[in-house]
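Student: I'd like a close look at one part of this protein. Please start with the whole chain, then zoom in.

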Amino acid sequence: MNMRTKDPVRTPTSDDRDAEVLTTAQAAKLLGISVRTSQLLIEGGSLRSWKTPGGHRRVYRADVMALIGQPHSAPSLASAVVVSGSPGMDDAGSFPTAANEAARLDALERSGLVGTAPEPSFDRLTQLAGQFLKAPIALMTLLTPDRQWFKSRRGLTIAETPRSWAFCNHTVLQHGVFEVADLADDARFAANPAVAGDLHFRFYAGAPVVDPDGYALGSVCVIDRKPRHLDNEQKSSLLALAGIASDQIRLQAVERQLHAAQHPAP
């Protein structure tokens, strides 16, 4: 039986005299997240904390501000996961999101990618993903509040799914490849309509696509209708393709900035 070590009760010492101490709720307010998400940040080690003699968690304001002030806070905050309901199109229940989901969605809106026409630069990436990884389906996905929209797709006729169907919800929470060898044999995905329904998805592997500020907007991913796995070389290829997609998004952002500088609004 696993025994969890009880946190020691701690009272701040004289060394803490000048440090402002916050409650979990106060930390959540500063971060702009729910109290539950703040608790997850603490439990995950992103925020150091201690218990008062009364059993309440406390954190340092300086640590909270440092977390906010990190220039690439998206990867840091992504380690804290909350479970969100998907409005409108949610046919498969809830899905995980990062603690900084609101900022991620702002970044997605700034990218201007959702709803745009196909682009050869992204279509080449999904074509290569399908070829290199021998997968019948390859996608570049973008995760909106309620949709998983495909900026590029190969081997799939539909242009989007409800957000709650997206295996990429898990991919955007990490830096590496997220892989599920058999979706039907995984409790997280067995009831997903894309697995249990007519699409009959069985295998998934994806790598995050990020914007210039480090926010994961979606993924480059491959899907198969039979269980399998990627070897190390294939995983490296998938990461490289997602990296190229990220570079293309950065290039487009620079081009928009240059255009705005050359053609200022009246």
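How many helices and strands does the secondary structure of the protein chain come to? And which residues lie nearest the centre of the largest cavity?

Tutor: The chain comes to 9 helices and 11 strands. Helices (H or I, at least four residues) and strands (E, at least two) are DSSP runs, numbered from the N terminus. This is a predicted model: local features need pLDDT of at least 70, side-chain atom pairs need 80 or more, and totals for chains, interfaces and linings use all residues. Residues are numbered from 1 along each chain as its sequence is written, and side-chain values use heavy atoms, leaving out hydrogens and water.

Take the whole chain first. Of its 266 residues, 43% are buried. Buried means under 20% relative accessible area, exposed means over 50%, and partly exposed lies in between (1.4 Å probe, protein chains only). Look at contacts next, meaning heavy atoms within 4.5 Å. Among contacts with a separation of 6 or more, 59% join residues 24 or more positions apart.

Now the cavity. Rolling a probe the size of a water molecule over the atoms shows where empty space is left. A cavity is a set of points on a 1 Å grid over the protein atoms alone, where a 1.4 Å probe fits but cannot get out; lining residues have an atom within 4 Å of a point. Points are joined across faces, edges and corners, and the volume is the space filled by probe spheres set on them. A search of the whole structure finds 1 cavity of 30 Å³ or more. The volume of the largest cavity is about 100 Å³.

What lines the largest cavity? There are 17 lining residues, and Gln148, Trp165, Phe167, Phe201 and Ile223 lie nearest the centre. Strands E6 (137–143), E7 (147–154) and E11 (216–224) each supply at least two lining residues. By class, the lining has 14 nonpolar, 3 polar and no charged residues. Here Ala, Val, Leu, Ile, Met, Phe, Trp, Tyr, Cys and Pro count as nonpolar, Asp, Glu, Lys and Arg as charged, and the others, Gly among them, as polar.

Pick out Gln148. Gln148 sits in strand E7. Its relative accessibility is 6%, so Gln148 counts as buried.

Pro145 counts as partly exposed because its relative accessibility is 44%. Pro145 and Pro162 are 17 residues apart in sequence, yet 9.4 Å apart in space, C-alpha to C-alpha.

Step back to helix H6, residues 120–132. At 1.5 Å a residue, its 13 residues should span 18 Å, and the end C-alpha atoms are 18 Å apart, so the two agree. The expected span is 1.5 Å times one less than the number of residues. Buried residues of H6 include Phe122, Leu125 and Thr126. Thr126 has a relative accessibility of 2%, so it counts as buried. Beyond its neighbours within four places, Thr126 is in contact with Ala138, Leu139, Met140, Ser152, Arg153 and Arg154.

Lys134 lies in the loop between H6 and E6. Its phi is near 50°, a positive value in a residue other than glycine. Lys134 counts as exposed because its relative accessibility is 64%.

Definitions and conventions:
1 Å grid on protein atoms, 1.4 Å probe; cavity = no way out; pocket = protein on both sides within 12 Å on 5 of 7 lines; lining within 4 Å.
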